[in-house]
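Have the viewer open while you read.

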Amino acid sequence: MKTTLTQIRLLIDELNKQLGRPLKPYIKENGKFTAQIGNFHLYQVYGAFGLHEMANERGGVRQTIALGTKKELYTALHKLIQGVELATA
């Protein structure tokens with residue numbers, strides 16, 4: 001089965017919800033974009049996919065899952081979510 005970006009985005013939303021994190025990396029306030037610290041979001045570079053966490057108010061990020069294929073990211077996200085579920089059970 002082919003892994004889609006929609007499936008990956010749904011997993012990232014689920015991770016953010018489980019951890020009580022913002023669902024979007026930026027929000028617009030008073031005509032200005034503000035970084036939402038703690039948000040996990042997808043990033044893409046040269047056909048590879050990974051997961052970033054918003055680290056500061058200036059938009060700096062921390063790499064949470066390294067670049068790989070969509071399938072690799074999908075699998076890593078599932079494992080991360082399972083770990084969160086185990087930790088909060």
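Let's start with exposure: a residue is buried under 20% relative accessible area, exposed over 50%, and partly exposed in between, using a 1.4 Å probe and protein chains only. Gln44 has a relative accessible area of 45%, so this residue counts as partly exposed. Gln44 sits in strand β3; strands here are DSSP runs of E with at least two residues, helices are runs of H or I with at least four, and both are numbered from the N terminus.

Some ground rules before going further. This is a predicted model, in which local features need pLDDT of at least 70 and side-chain atom pairs count only at pLDDT 80 or more, while totals for chains, interfaces and linings use all residues. Residues are numbered from 1 along each chain as its sequence is written, and side-chain values use heavy atoms, with hydrogens and water left out.

Most residues other than glycine have a negative phi.

Which residues make a nonpolar surface patch with Tyr46? Val45 and Leu67 do, and the patch of the three covers about 360 Å². For the bookkeeping, patches are made of residues with over 30% relative accessible area and no salt bridge, joining like charges within 9 Å and nonpolar side chains (Val, Leu, Ile, Met, Phe, Trp, Tyr) within 5 Å. The areas come from the Shrake-Rupley method with a 1.4 Å probe, and for residues only the protein chains shown count as cover. Leu67 belongs to strand β5 (residues 61-68) and is partly exposed, with a relative accessible area of 40%.

**Salt bridges**

How many salt bridges does the structure hold? There are two, where a salt bridge means a side-chain nitrogen of Lys or Arg within 4 Å of a carboxyl oxygen of Asp or Glu. In one, Arg21 pairs with Glu53, and the closest N and O atoms are 2.9 Å apart. That pair ties together distant parts of the chain, 32 residues apart: Arg21 is in the loop between α1 and β1, and Glu53 is in strand β4. Glu53 also meets Arg62 in a salt bridge, at 3.8 Å from N to O. Put together, Arg21, Glu53 and Arg62 form a network of salt bridges.

Is Glu53 buried or exposed? With a relative accessible area of 14%, Glu53 is buried. Arg21, at 27% relative accessibility, is partly exposed, and so is Arg62, with a relative accessible area of 45%.

**Helix packing**

Now for the helices. The axes of α1 (residues 5-19) and α2 (residues 70-88) come within 10 Å and cross at roughly 20°. That makes α1 roughly parallel to α2; the cut-offs are under 35 degrees for roughly parallel, over 145 for roughly antiparallel, 65 to 115 for roughly perpendicular, and oblique for the rest. Axes here are lines fitted to C-alpha atoms, for helices over the stretch in contact, with angles running from 0 to 180 degrees between N-to-C directions. The α1 and α2 crossing is left-handed, a label used if the near helix is turned anticlockwise from the far one by less than a right angle, with clockwise giving right-handed.

**Sequence gap against spatial gap**

Here are some C-alpha to C-alpha separations.

| Pair | Apart in sequence | Apart in space |
|---|---|---|
| Leu42 and Leu80 | 38 residues | 14 Å |
| Ala76 and Gly50 | 26 residues | 9.6 Å |
| Tyr26 and His78 | 52 residues | 24 Å |

Leu42 lies in strand β3 and is buried, with a relative accessible area of 17%. Ala76 is part of helix α2 and counts as partly exposed at 23% relative accessibility. Tyr26 is in strand β1 and is partly exposed, with a relative accessible area of 38%.
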